[in-house]
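Please view the model alongside the text.

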Amino acid sequence: MSSTRQNPESFVPAMSAIAREAGALLLNFFHQKLKIEYKGDADLVTAADRASEALVRERIGQQFPAHDVLGEEQGLNDRGGEYRWYVDPLDGTTNFAHGYPVFAVSLALEHRSEKAGKRIAGAVYDPSRDELFTAAEGQGAQLNGQPIHVSKVAQLKECLVATGFPSHKRHKNPNIYFYQQITLRTHGVRRAGSAALDLCNVACGRFDGFWEFNLNPWDTAAGVLIVEEAGGRASRFDGSRFEIDSRETLASNGLVHDALLDQFRQIFAGRGLDPLPDPRG
Ligand code: IPD
Ligand code: CA
Ligand code: CA
């Protein structure tokens, strides 16, 4: 495939405008009572998810007709193009469906002419707070146009971290053990319900770390780039290189990454897992 790679930064204005437009659409839906449909036993979808993805695909098609798109609701249209978008049209559907205003649109662009595709631009827009997080490869990360950086917290015990739980195959997820152990070793663990925003909150220093099992490419594509461009680190749970289809996401400010990896090693080895405590004790 011959490469005509454009400057990553050149995509950010169009991507930001699409994210803002889709976010405004979500906010309109948010004020209506929507019917909840089920993709799995607790995996929700609404008309807003679908309308947002349709809008994003329409805008990408108008402005970048040669680009491929992988979106959560409509899947992949793969023409073997040089660029691929990753679209989560509504990250935080459960929150959205319950009227809890923590959700976002997440868009990322990958350049695919290298062996492994590389995300080169990303935008995550939270319409409730009017916060737009953006990044372009090698150009840093921004919140509403202002540069952002990960936190400088270097001690795990002083960290506020975040995690999430998948809505399918919940019984197969060991994360509650991780939640407990990391809670005991930090200032606390938040479960806000939008992985894309969790990652952006690491990027801007509100959280010092984030992890989750079994995320999909559209959940992490933008957020991981934004963390890395804000000076943070992302990996799998054994410290190896994060890949878009890794299904293991550990992101941090970099300073506490090894301490988190160490905790993960211990937990996977079954060390430090106490018997069920007595809450009256
Ligand atoms: C979900 C959110 C949530 C995470 C789940 C994701 P969705 O995405 O990011 O925080 O814990 O694993 O599936 O379904 O709302 O797009
Ligand atoms: Ca998602
Ligand atoms: Ca979604």
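## Aromatic pairs

Rings of Phe, Tyr and Trp (its six-membered ring) form a pair if their centres lie within 6.5 Å. Planes under 30 degrees apart are called stacked, those over 60 edge-to-face, and the rest tilted. In this predicted model, that rule gives 15 aromatic pairs.

One of them joins Phe213 and Phe268. Their ring centres are 6.4 Å apart and their planes meet at 75 degrees, so this pair is edge-to-face. Phe213 sits in strand β13 (residues 209–213), while Phe268 belongs to helix α7 (residues 257–268). The pair therefore ties together parts that are 55 residues apart in sequence.

Is Phe213 buried or exposed? Phe213 has a relative accessible area of 9%. Buried means under 20%, so Phe213 is buried. Phe268 reaches 48% relative accessibility and counts as partly exposed.

Phe237 lies in the loop between β14 (233–235) and β15 (248–252). Phe268 is in helix α7, so this contact ties together parts that are 31 residues apart in sequence. Phe237 is buried, at 4% relative accessibility.

These residues belong to a wider group. Ring pairs connect Phe178, Trp211, Phe213, Phe237, Phe264 and Phe268 into a cluster.

## Calcium site

Which residues coordinate the calcium ion (ligand 3)? The donors are Glu72 (OE), Asp88 (OD) and Leu90 (O), at 2.2 to 2.4 Å. Their spacing along the sequence is E-x15-D-x1-L.

Asp88 bridges the calcium ion (ligand 3) and the calcium ion (ligand 2). These two ions lie 3.7 Å apart. Asp88 and Leu90 are both buried.

Leu90 is located in strand β5 (residues 83–91). Its relative accessibility is 2%, so Leu90 counts as buried. In an unreviewed entry, UniProt lists Leu90 under "binding site".

What does Leu90 touch, leaving aside residues up to four places away in sequence? Leu90 touches Leu26, Thr46, Ala48, Asp49, Glu72, Phe96, Phe103 and Ala104. Glu72, one of these contacts, is also a donor to the calcium ion (ligand 3).

Notes. Residues are numbered from 1 along each chain as its sequence is written. Chains are lettered from A and ligands numbered from 1 in the order in which they are written. This is a predicted model: local features need pLDDT of at least 70, side-chain atom pairs count only at pLDDT 80 or more; totals for chains, interfaces and linings use all residues. Side-chain values use heavy atoms; hydrogens and water are left out. Helices (H or I, at least four residues) and strands (E, at least two) are DSSP runs, numbered from the N terminus. Buried means under 20% relative accessible area, exposed over 50%, partly exposed in between (1.4 Å probe, protein chains only). Donors are N, O and S atoms within 2.8 Å of the metal (3.2 Å for Na, K and Ca); water is not among the atoms, so sites may look incomplete. UniProt positions are given in the numbering used here, feature names are shortened, and annotations may be inferred rather than shown by experiment. Contact means heavy atoms within 4.5 Å.
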